Amino acid sequence: MAERTYPASEAARALGISLDTLRRWDRQGRIRTERDRANRRFVPASEIERLRGSEPHVLSARNHFRGVVERVEIEGLLAQVEIEVTTPARLTAIITRVAAEELGLRPGMPATGVVKATSVMVER
């Protein structure tokens, strides 16, 4: 039995990304797609599962950057968290000290920077 595939628009929605991002990832080789006779993109269910990871995202944010915490600097009520993401980029988030402590953030642990507008949130 063939693996189930999803149209690019459905796959993008399931991944919480835009269709343009999915197309860009396809061109960059970051996602495996298949094409039908009309050259439309279809994404295998296994690719969606691979990219989503084992834990579903519950935020409405579209851009998630998985990586490793490089630095946690706490001063007063705020904590600055630096995450080395797996793509060639680095994110810095300013979150409350309480949030950093509740997440148990420390250098070397995996974390995800979630970008929404001009803010960066941290989830674990």
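Reader: What should I know about the model before we start?
Author: It is predicted, so local features need pLDDT of at least 70 and side-chain atom pairs count only at pLDDT 80 or more, while totals for chains, interfaces and linings use all residues. Residues are numbered from 1 along each chain as its sequence is written, and side-chain values use heavy atoms, with hydrogens and water left out.

Reader: Why is Glu82 called buried?
Author: Buried means under 20% relative accessible area, exposed means over 50%, and partly exposed lies in between, with a 1.4 Å probe and protein chains only. Glu82 has 14%, so Glu82 is buried. Glu82 sits in strand S5 (residues 78–85); strands (E, at least two residues) and helices (H or I, at least four) are DSSP runs, numbered from the N terminus.

Reader: Which residues is Glu82 in contact with?
Author: Contact means heavy atoms within 4.5 Å. Leaving aside neighbours within four places in sequence, the partners of Glu82 are Val68, Val69, Glu70, Arg71, Arg90, Leu91 and Thr92.

Reader: And what makes Ile94 exposed?
Author: Its relative accessibility is 51%, so Ile94 counts as exposed. Ile94 belongs to strand S6.

Reader: How do you know that the buried residues of H1 are on the same side?
Author: The buried residues of helix H1 (residues 8–15) are Ala8, Ala11, Ala12 and Leu15. They span an arc of only 100 degrees around the axis, which puts them on the same side of H1; the arc is that of the directions from the helix axis to the C-beta atoms. Their cover includes strand S1 (5–7), helix H2 (19–28), strand S3 (41–44) and helix H3 (45–52).

Reader: What makes the buried residues of H2 line one face?
Author: Those residues are Thr21, Leu22, Trp25 and Asp26. Down the axis of H2 they fall within an arc of 140 degrees, so they line one face of the helix. H1, strand S2 (34–35), S3 and H3 are among the elements that cover them.

Reader: What is the largest nonpolar core made of?
Author: A nonpolar core is a set of buried Ala, Val, Leu, Ile, Met, Phe, Trp, Tyr and Cys residues joined through side-chain atoms within 4.5 Å. The largest has 15 residues, and those with the most contacts inside it are Val69, Val81, Ile83, Ile95, Leu105 and Val122. S5 gives the most to this core, with four residues. A second, separate core of ten residues includes Ala11, Leu15, Ile17 and Val43.
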